[in-house]
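Here is a short briefing on a predicted model, meant to be read alongside the sequence and the structure. The points are grouped by topic.

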Amino acid sequence: MEHAVQHSVQHTSTLIPIVVFLIVYAAITFELVNKAAATLAGVGVLVVLHVINEHQAVGFIDFETLMLLTGMMILVTLIKKSGFFTIVSVRIAEITKGSPVKILVLFSIVTALMSAFLDNVTTVLIIIPIIIELTRGLGLNPKNYVLSQAIISNIGGTATLIGDPPNVIIGSKVGLSFNQFILTLSPIVIIVFVFVLAYIWFTHRVEFKPINTNMSKLVAVQLLLEKIRYEFSNITIDKKLMIKGLTCLTLAIFLFITQTITGLAPGVVALGMAMVLLIISKADVEEILEEVEWSTLLFFTGLFILVGALEEYGVINWIAQNVFMNVGDNPYVLVLMVLWVAGIASGFLDNIPFTITMIPIIHLILESTPIPNNILWWALALGACFGGNITMIGASANIVSVGIAKKYGVEISFIDFMKKGVIVTLISLTLASIFLVLYLRASL
Amino acid sequence: MSNNDQLVLDALFRDIVKFYSSSQTSIITLNAITAAITELECPTEDFKMELTTVCDIIKNSQPRMFPIDNLIILLEKELQEKDYFSDKDIDARKTAVTKIIESLEERLNDDMNELANQGVKHIEDGDHIILHSVEEGAELLLPEAKRMGKNFEVLILRQDLVKTKQVINILDTAGIKYTVVPEWDLIHFFDKVNKLFIGAYALTVDGKFVSDSGTSNIVSECHIHKLPVYLFAPTLEITNTFSRDQNIYLKDESVSESGSDYNLISHSSDIVSLDLVDHIITEHGAIDKSKLADYCTT
């Protein structure tokens with residue numbers, strides 16, 4: 001009798017974190033409540049019901065990830081404030097000379113590079129307004145350009161440890177370095193980038209016809225560039241801050257690359273350089289801190305605790321044993337399953353909680369079936385990042401891009417996004433599958 | 001001619017003229033045409049058609065914009081008088097047309113410089129001048145007068161924020177003292193101000209002028225209060241067409257603000273009678289409104 005009661009209490013205790021987690025997940029996915037509020041409310045429920053105590057909760061938080069994100073947010077805010085990104089955007093607009101293909105290709109290259117080294121949301125916040133202004137001013141339909149930049153930002157962000165939140169989480173929780181990310185993932189990211197760009201160009205090749213045979217359009221380009229130059233000339237450029245900001249960012253990237261020599265974790269480097277920049281720039285700290293996305297950081301904090309509770313109660317172990325490890329121990333099957341499950345799930349669910357949930361599962365898979373060269377982690381990173389392109393809600397950059405476009409009167413529906421996103425994700429995941437299979441074959 | 005190309009260029013003209021005078025907009029357009037000629041890649045026999053299309057688009061812009069409209073007429077006249085499109089390869093044709101455009105630009109620049117020289121004669125120490133948009137008065141005369149050491153102040157009437165901001169930028173750069181007030185507040189300043197400076201997109205032979213939106217209100221109010229109204233314009237802004245033919249653009253847009261949804265209808269420019277203007281100043285000095293036809297470009 002006593003045993004039955006004890007079993008029932010333990011069963012109920014296990015059910016609570018699962019139910020709380022599912023409710024929070026649904027609230028996040030369907031945007032019913034603010035993400036940070038949803039996760040922290042979930043944590044509150046677990047603590048109040050004594051499922052976990054506050055000390056355990058703090059222990060589940062991965063401060064390395066939070067430090068990296070906070071540091072990068074402060075660096076980007078200060079560089080943005082200097083006007084650097086505005087100068088870059090206007091220069092690219094001038095270089096394109098209004099050619100639709102050049103607009104697509106050059107902006108895509110810049111978006112991919114910026115996404116690789118800054119966060120994707122900042123990238124689209126900078127790129128989307130100018131690309132809408134440029135294309136609309138030329139009488140082109142901005143829709144495909146906006147969609148392409150959102151998609152490319154997710155692809156570019158896949159290349160580095162700091163490019164996309166799933167990578168930040170995987171890097172810091174698993175202990176993978178900046179160099180490991182960039183050396184392993186950038187070749188496949190470049191290939192995917194080229195294929196996706198070619199697909200976008202091919203499906204809309206009529207829109208991307210050259211304009212240098214039409215004098216009216218060439219005149220329009222010149223007038224439009226004059227207008228853009230004027231509009232952006234009103235933005236204050238702070239050269240001193242720009243030099244200091246870019247120096248700190250370059251130094252931070254250098255320290256990421258030399259992590260194995262210095263032994264400095266990316267979180268320490270990012271936050272350290274951010275503090276250096278805050279001090280040497282003599283910026284208004286209160287004003288800069290207002291720009292930091294505290295809700296994102298609190299969202300991460302809450303998620304770490306919720307997933308920690310699931311791990312504590314053996315739920316993660318159960319999922320790993322009953323879902324992933326049921327397919328057997330064939331490394332090819334495991335790698336491809338992680339890639340495609342991560343890819344498809346990230347298209348419909350937020351890829352941040354998904355990645356945080358998958359990390360302990362992959363640890364368990366690796367315990368029973370060791371797979372060399374971190375290939376299972378690369379499968380998770382590629383799946384979670386590329387999968388964000390399936391739907392409008394798959395990644396924060398998509399939601400922000402569609403939101404900016406709407407503000408400028410460009411309507412992009414869920415279906416519009418998905419029509420392009422599904423094909424792009426299929427291309428990306430197929431190429432990633434080939435890459436991972438070849439890499440695994442070479443490693444075994 | 002593609003309707004889309006016409007709409008795109010019209011919209012660009014309307015945007016650019018918000019932060020530059022119509023004369024400066026014309027110079028920008030001439031430079032744009034020159035750059036476009038350089039970039040253009042088309043069969044030799046298509047060059048004439050491409051150039052004609054651009055000329056037609058400019059002459060049909062909504063609203064019609066001078067001096068560029070008259071400069072295009074002069075370009076076409078020159079092209080007609082001398083046969084630039086026969087027995088030459090495309091590069092020769094391009095070079096010849098570019099030279100004509102450069103000479104037109106030079107003429108407009110000379111006219112604007114002379115307009116500035118003539119205009120500063122009408123600015124005196126102690127003047128308190130009203131401005132409301134970026135026209136030749138703000139762009140040329142006031143900075144020139146300041147450079148000459150004249151001591152005056154400006155009252156900026158705030159209307160469209162983009163225009164007001166640009167007027168402020170120009171005056172700041174020139175170090176001219178100013179005050180900004182909402183346009184509807186002008187009534188409280190008639191004891192301080194003594195002149196109104198305005199510009200125009202066109203002066204028509206039927207005794208009207210086409211100008212920035214909001215000009216009509218201000219000119220009328222100043223006229224009622226017997227405040228001298230000065231209109232500064234190069235003669236290339238005078239046209240032998242009528243005010244009704246100026247293609248005033250009508251914008252009908254749905255607006256949603258503060259919980260209210262409504263349709264907002266606005267016009268790109270005002271048509272005002274020259275009877276409300278006391279002085280018309282051109283590069284030739286003050287001219288009589290009854291003699292506008294003498295200065296028309298034909």
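In chain B, the centres of domain 1 and domain 2, taken over C-alpha atoms, are separated by 26 Å. Domain 1 of chain B covers 3-114 and domain 2 of chain B covers 122-295. The model is predicted.

**Where the two domains of chain B meet**

- Domain 1 of chain B puts 24 residues into the contact, and domain 2 of chain B puts in 24 residues.
- On the side of domain 1 that touches domain 2, the elements of chain B that give two or more residues are α1 (3-19), α2 (22-39), α4 (68-81) and α5 (90-120).
- That side of domain 1 of chain B consists of 9 nonpolar, 8 polar and 7 charged residues.

**The seven-strand sheet of chain B**

- An open sheet of 7 strands in chain B has the order β3-β2-β1-β4-β7-β12-β13, with mixed pairing.
- Its edge strands are β3 and β13 (285-287) of chain B, each of which pairs on one side only.
- On average, neighbouring strands of this sheet are turned by 30° against each other, direction ignored.
- Strands β1 (residues 128-131) and β4 (residues 195-198) of chain B are parallel and share 2 bridges; B:Ile130 has B:Leu196 as its bridge partner in β4(B).
- Helix α7 (residues 161-174) of chain B packs on the sheet and touches β1, β2 and β3 of chain B. The direction of α7 makes about 165° with that of β2(B).
- Strand β2 (residues 153-158) of chain B runs parallel to β3(B) and is joined to it by 6 bridges. One bridge partner pair is B:Leu157 with B:Val181 of β3(B).

**The four-strand sheet of chain B**

- Another open sheet in chain B has 4 strands in the order β8-β5-β6-β11, and its pairing is mixed.
- The edges are β8 (238-239) and β11 (269-273) of chain B; each has a single partner strand, so one side of each is left without a neighbour in the sheet.
- Strand β5 (residues 202-204) of chain B is parallel to β8(B), with 2 bridges between them. B:Leu203 has B:Ile238 as its bridge partner in β8(B).

**A helix that lies across strands of both sheets**

- Helix α8 (residues 215-224) of chain B lies across β6 (208-212) and β11 of chain B, at about 30° to β11(B).
- α8(B) also lies across β2, β4 and β7 (229-232) of chain B, where it runs at about 155° to β4(B).

**Chain A and its contact with chain B**

- The contact between the chains takes 18 residues from chain A and 26 residues from chain B.
- Helix α11 (residues 215-233) of chain A gives the most to chain A's side, with 12 residues.
- The side of chain A that touches chain B has 8 nonpolar, 6 polar and 4 charged residues.

**Inside chain A**

- Helices α20 (residues 375-387) and α22 (residues 414-443) of chain A pack with their axes 10 Å apart, at an angle of about 175°. They are therefore roughly antiparallel to each other.
- Residues in this contact include A:Trp378 and A:Phe386 of α20(A), and A:Leu429 and A:Tyr439 of α22(A).
- The residues of the contact of α20(A) with α22(A) comprise 10 nonpolar, 4 polar and no charged.
- A:Gly272 belongs to helix α14 (residues 266-281) of chain A. A:Gly272 has 17 other C-beta atoms within 10 Å, which means that A:Gly272 is partly exposed.
- A:Gly272 and A:Gly71 are 201 residues apart along the chain, and their C-alpha atoms are separated by 7.3 Å.

Conventions. Residues are numbered from 1 along each chain as its sequence is written. Chains are lettered from A and ligands numbered from 1 in the order in which they are written. This is a predicted model: local features need pLDDT of at least 70, side-chain atom pairs count only at pLDDT 80 or more; totals for chains, interfaces and linings use all residues. A residue is buried if 20 or more other C-beta atoms lie within 10 Å of its own, exposed if 12 or fewer, and partly exposed in between; C-beta atoms are placed from the backbone. Two residues are in contact if their C-beta atoms, placed from the backbone, lie within 7 Å. Ala, Val, Leu, Ile, Met, Phe, Trp, Tyr, Cys and Pro count as nonpolar, Asp, Glu, Lys and Arg as charged, and the others, Gly among them, as polar. Axes are lines fitted to C-alpha atoms, for helices over the stretch in contact, and angles run from 0 to 180 degrees between N-to-C directions. Angles under 35 degrees count as roughly parallel, over 145 as roughly antiparallel, 65 to 115 as roughly perpendicular and the rest as oblique. Domain bounds come from an automatic or database domain assignment. Two strands pair if DSSP finds at least two bridges between them.
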